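Here is a report on one structure, written for a reader who wants the geometry quickly. Please keep the coordinates open while reading.

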Amino acid sequence: MQPLVFHNGHVLTGRGFEPEVCVVVEDGHIVAVLHGDPPGGGVRIDLGGGYLAPGFIDIQVNGGGGVLFNNAPSVEGIAAIARAHRRFGTTGFLPTLISDDAAVMHRAIAATRQAIAQGMPGVLGLHLEGPYLAPARKGTHDAGRFRVPDADEIAMATALDNGVTLITLAPERVPTESIRALAARGAIVCAGHTDASYEQMCAGFAAGIRGVTHLYNAMTPLQGREPGVVGAALDDENCWCGIIVDGVHVHPASLRIALAAKPRGKLLLVTDAMPMVGAASPSFALYGETITARDGVVRNAAGALAGSALDMASAVRNAVRLLGLGLDEACRMAAQYPAEFLGLGSSHGRIAPGYRADLVWLDANAQVRATWIAGRAEA
Ligand code: ZN
């Protein structure tokens with residue numbers, strides 16, 4: 001394969017978006033980031049004055065392209081979700097299974113393993129959001145499927161051996177030794193859909209919890225005498241926080257408070273996307289109930305938010321608009337920081353020599369023009 005030479009754009013380097021920088025890609029990796037004129041040879045890709053950023057990494061994707069992972073825990077289902085989100089700049093993601101029966105979890109894990117083994121572009125692992133959650137904070141999850149994991153279940157939930165496993169659980173519902181066991185088996189454990197107290201959350205951190213899932217949503221709020229999960233997450237400098245920046249799930253003022261409270265690099269954009277992203281239909285079935293997005297808001301019949309209709313490029317633009325961030329930092333929150341959270345920070349999420357050539361080309365309005373995964377444009 002000939003080298004690719006990206007030029008005539010602004011490239012997100014360690015110094016922000018820099019003009020007059022070109023990027024050379026060979027064999028799926030970035031081999032050079034050069035100032036000045038592009039070198040001779042290779043296939044030239046003219047960025048037309050736009051922006052070249054590391055491809056977005058989304059750690060919470062329930063569905064896309066009309067497919068809900070829970071309803072299609074298969075290689076084909078993952079492929080459809082990957083295609084749908086790639087149009088919006090996502091070049092790495094965790095298909096996310098919400099609370100379900102052990103048999104469905106087993107199929108989801110097997111499908112993820114197979115997708116990665118066959119080199120499906122963009123699949124980095126999977127996210128098991130539940131079923132070890134708190135009924136009081138269930139959101140749209142089916143509390144009838146909630147349970148406490150025993151040793152067999154811990155082994156099953158951490159069985160993926162060729163990608164990342166992220167597990168969201170309620171620390172007050174899972175014994176600390178079980179949280180420890182999940183972390184010891186390599187899972188990244190986050191708290192979410194949790195009614196935990198601040199003290200229970202701190203015990204969870206000590207047992208290996210590394211972050212929280214969709215900060216502010218489905219967790220105990222911050223109050224003066226009771227900091228809750230939100231207070232624990234904002235106060236602990238090591239805690240990573242996924243956050244849904246769609247202007248619906250979290251008030252812009254609360255978003256800005258989180259940004260101010262957290263050390264740089266600990267706040268991650270997630271979509272929590274449902275099947276309507278990249279699909280013609282605004283409706284899908286969840287646990288047998290038909291759910292429809294109205295004005296971009298996804299709710300179940302009981303009125304609970306049921307994920308989002310957000311795509312990652314929109315999340316990046318929203319972060320600029322609602323958080324007052326530069327496009328460079330918004331892109332880092334969608335790429336570099338999630339890569340670091342997943343333990344992939346030395347291979348993914350940056351434009352630098354040696355990194356994978358997972359790239360997104362944005363126009364002047366931060367709309368996606370094209371993506372590359374391991375140097376390959378979308379077929
Ligand atoms: Zn959730």
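This is a predicted model: local features need pLDDT of at least 70, side-chain atom pairs count only at pLDDT 80 or more; totals for chains, interfaces and linings use all residues.

## Zinc site

Three protein residues donate to the zinc ion: E129 through OE, H193 through NE2 and H214 through NE2. Their distances to the zinc ion run from 1.9 to 2.2 Å. Along the chain the donors follow the pattern E-x63-H-x20-H. H193 sits in the loop between β14 (188-191) and α5 (198-207), and H214 in the loop between β15 (209-212) and α6 (228-235), so the two histidines tie together parts that are 21 residues apart in sequence.

Are the two histidines, H193 and H214, buried or exposed? H193 is buried, because its relative accessible area of 5% falls under the 20% cut-off. H214 is buried as well, with a relative accessible area of 4%.

## Pocket and cavity

The largest pocket has a volume of about 430 Å³. Its lining is made of 22 residues. Nearest the centre of this pocket lie G119, M120, P121, G122 and I373. Two elements give two or more residues to the lining: α1 (75-86) and β23 (376-377). Of the elements, α1 gives the most, with four residues. By class, the pocket lining divides into eleven nonpolar, five polar and six charged residues.

How many cavities of 30 Å³ or more does the structure hold? There is one. The largest cavity has a volume of about 40 Å³. Its lining consists of P54, G55, I57, S347, H348, G349, R350, R356 and D358. That lining splits into two nonpolar, four polar and three charged residues.

A cis peptide bond joins G130 and P131, with omega at about 15 degrees. P131 belongs to the loop between β12 (125-129) and α3 (151-157).

Y216 has a positive phi of about 85 degrees. A218 also has a positive phi, near 60 degrees. Y216 is in the loop between β15 and α6. A218 is placed in the loop between β15 and α6 too. Y216 counts as partly exposed, at 21% relative accessibility. A218 is partly exposed, with a relative accessible area of 22%.

## Accessibility in one view

The table collects relative accessible areas for residues discussed in this report.

| Residue | Relative accessible area | Class |
|---|---|---|
| H193 | 5% | buried |
| H214 | 4% | buried |
| T165 | 5% | buried |
| S178 | 10% | buried |
| Y216 | 21% | partly exposed |
| A218 | 22% | partly exposed |

## Individual residues

Start with T165. This residue lies in strand β13 (residues 164-169). T165 is buried, with a relative accessible area of 5%. Residues up to four places away in sequence aside, T165 touches L126, L128, A157, L160, G186, A187 and I188.

Next comes S178. Helix α4 (residues 176-184) holds S178. At 10% relative accessibility, S178 counts as buried. Which residues does S178 touch, not counting those up to four places away in sequence? They are P149 and I154.

T292 is part of strand β19 (residues 289-294). Beyond its neighbours within four places in sequence, T292 is in contact with P282, S283, V297 and R299. The side chains of T292 and S283 are joined by a polar contact of 2.8 Å. T292 and S281 are eleven residues apart in sequence, and their C-alpha atoms are 8.7 Å apart in space.

R87 is found in the loop between α1 and β11 (90-98). Setting aside neighbours within four places in sequence, R87 is in contact with G278 and V368. R87 and D272 are 185 residues apart along the chain, and 16 Å separates their C-alpha atoms.

Conventions
Residues are numbered from 1 along each chain as its sequence is written. Side-chain values use heavy atoms; hydrogens and water are left out. Contact means heavy atoms within 4.5 Å. A polar contact is a pair of N or O atoms within 3.5 Å; within protein, one must be able to donate a hydrogen and the other to accept it, and residues adjacent in sequence count only if both atoms are side-chain atoms. On a 1 Å grid over the protein atoms alone, a cavity is a set of points where a 1.4 Å probe fits but cannot get out, and a pocket is an open set with protein on both sides within 12 Å along at least five of seven lines; lining residues have an atom within 4 Å of a point. Grid points are joined across faces, edges and corners, and a volume is the space filled by probe spheres set on the points. Ala, Val, Leu, Ile, Met, Phe, Trp, Tyr, Cys and Pro count as nonpolar, Asp, Glu, Lys and Arg as charged, and the others, Gly among them, as polar. Donors are N, O and S atoms within 2.8 Å of the metal (3.2 Å for Na, K and Ca); water is not among the atoms, so sites may look incomplete. Buried means under 20% relative accessible area, exposed over 50%, partly exposed in between (1.4 Å probe, protein chains only).
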